[in-house]
Amino acid sequence: MTLNLKDKFDLCNSIADKFQRARCRISLEREIVREGLKAELDAVSLYETLALMTKKPQVRNVVEDIAREEKAHIGEFLALLVMLDDEQMDGIKKGKKEVEDVYGR
Ligand SMILES: [Fe+2]
């Protein structure tokens, strides 16, 4: 079962137990950041596709610049996620090592 963010927000606010409510809100904050991260990843894919499609170099240059800005936004959301989720940095490091083990550096 997945809840949308509004449902989860309402769920968190309905929890009577203070400790459980706080845990729910921490989980909600992480989910908000992950949703932002997903949107930025989609934006990069969109702008890179648009850059490939346009025939006008001026349009391509601007769209490629916007794609680079979106990559910085990905970095911002990742930094937030690492701050909010103690396990995330370990996951990034493990994933990086597994890729390096398979493909080398
Ligand atoms: Fe963005």
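1. Basis. The model is predicted: local features need pLDDT of at least 70, side-chain atom pairs count only at pLDDT 80 or more, and totals for chains, interfaces and linings use all residues. Numbering starts from 1 along each chain as its sequence is written.

2. Span of H2. Helices here are DSSP runs (H or I, at least four residues), numbered from the N terminus. H2 has 36 residues, which at 1.5 Å a residue should span 52 Å, and the 53 Å between its end C-alpha atoms agrees. The expected span is 1.5 Å times one less than the number of residues.

3. H2 against H3. The axes of H2 (residues 18–53) and H3 (residues 57–84) come within 8 Å and cross at roughly 160°. H2 is therefore roughly antiparallel to H3 (angles over 145 degrees count as such). Axes are lines fitted to C-alpha atoms over the stretch in contact, with angles from 0 to 180 degrees between N-to-C directions.

4. Contact by class. The contact of H2 with H3 has 17 nonpolar, 2 polar and 9 charged residues. Ala, Val, Leu, Ile, Met, Phe, Trp, Tyr, Cys and Pro count as nonpolar, Asp, Glu, Lys and Arg as charged, and the others, Gly among them, as polar.

5. Burial in H2. Val33, Glu40 and Tyr47 are buried (20 or more other C-beta atoms within 10 Å, these atoms being placed from the backbone; 12 or fewer is exposed). The buried residues of H2 pack against H3 (contact means C-beta atoms within 7 Å).

6. Phenylalanine 19. This residue of H2 is exposed, with 8 other C-beta atoms within 10 Å. Its C-alpha atom is separated by 25 Å from that of glutamate 35, 16 residues apart along the chain.

Notes:
Helix = DSSP H or I, 4+ residues; strand = E, 2+ residues; numbered from the N terminus. Parallel < 35°, antiparallel > 145°, perpendicular 65-115°, else oblique. Contact = placed C-beta atoms within 7 Å.
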